[in-house]
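Visitor: I would like to go through this model one point at a time. Please give the cut-offs as you use them.

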Amino acid sequence: QPPYPLPPPTLANVRYGPHERQVLDFWQTQKTQDHAPLLFYIHGGAWNHGDKDTITRGINAPQFLDAGISVVSINYRYIRQAEAEGVVPPVIGPLHDAARALQFVRSKADEWKLDKTRVGAFGGSAGGASSLWLALHADLADPKSSDPVARESTRLTCAAVLSAQTTLDPQQVV
């Protein structure tokens, strides 16, 4: 796929957590005054490499912006970083980072003019697996949390994936 030219983000390297890789870029559509739906992009790379900047090779984000859909592209901790932090199993690190980034974005819905009821995820490979995990996992929202971000939903309206792992069960992966 050719790279799709993308304008600079509306907001770049926005922190959604304390780790250096817990950052995201946000592009706000200019095609609507209403709260826009959101495309939530999760990059691939076997949870061991890759970057949010690969969005220009992963999808035609300008097409979404032109259709009135805002776009977010996230980074997340790699497996090795989660392992170093004692996360067991370490894949929980990048998966929970994706969930936290989604909750963070939803917490910005009014400020960023987003419709938090219309959020679709897309990713390839590990990003696809993370998208499927978000789509199929129970909602991680904690309505009683003192953290307003943690009170937001992790549910998706839809997920589209490319070359995604279909299981995270180590017995089936082997």
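Guide: A salt bridge here is a side-chain nitrogen of Lys or Arg within 4 Å of a carboxyl oxygen of Asp or Glu. This is a predicted model, in which local features need pLDDT of at least 70 and side-chain atom pairs count only at pLDDT 80 or more, while totals for chains, interfaces and linings use all residues. Residues are numbered from 1 along each chain as its sequence is written, and side-chain values use heavy atoms, with hydrogens and water left out.

Visitor: Which residue meets Arg21 in a salt bridge?
Guide: Side chains of opposite charge can pair when their charged atoms come close. For Arg21 the N to O distance is 3.9 Å, and the partner is Asp51.

Visitor: How many residues apart in sequence are the parts that Arg21 and Asp51 tie together?
Guide: Helices (H or I, at least four residues) and strands (E, at least two) are DSSP runs, numbered from the N terminus. Arg21 sits in the loop between β1 (11–15) and β2 (23–27). Asp51 sits in the loop between β3 (36–42) and α1, so the pair ties together parts whose separation is 30 residues.

Visitor: Is Arg21 buried or exposed?
Guide: Buried means under 20% relative accessible area, exposed over 50%, and partly exposed in between, with a 1.4 Å probe and protein chains only. Asp51 has 23% and counts as partly exposed. Arg21 has 10% relative accessibility, so Arg21 counts as buried.

Visitor: Which residues are linked with Asp25 in a network of salt bridges?
Guide: Asp53 forms a salt bridge with Lys52, the closest N and O atoms being 3.9 Å apart. Lys52 is buried at 4% relative accessibility, whereas Asp53 is partly exposed at 47%. The network joins Asp25 to Lys52 and Asp53.

Visitor: How many salt bridges does the whole structure have?
Guide: A search of the whole structure gives a count of 9.

Visitor: Which elements give two or more residues to the lining of the largest pocket?
Guide: The lining has 12 residues, with Tyr41, Gly44, Thr54, Gly58 and Gly124 nearest the centre of the pocket. The elements that give two or more are α1 (55–58) and β5 (114–124).

Visitor: What radius of gyration does the chain have?
Guide: The radius is taken over C-alpha atoms, and the globule rule is 2.2 Å times the number of residues to the power 0.38. For 174 residues, a compact globule would be near 16 Å. The value for the chain agrees with this, at 15 Å.

Terms used:
1 Å grid on protein atoms, 1.4 Å probe; cavity = no way out; pocket = protein on both sides within 12 Å on 5 of 7 lines; lining within 4 Å.
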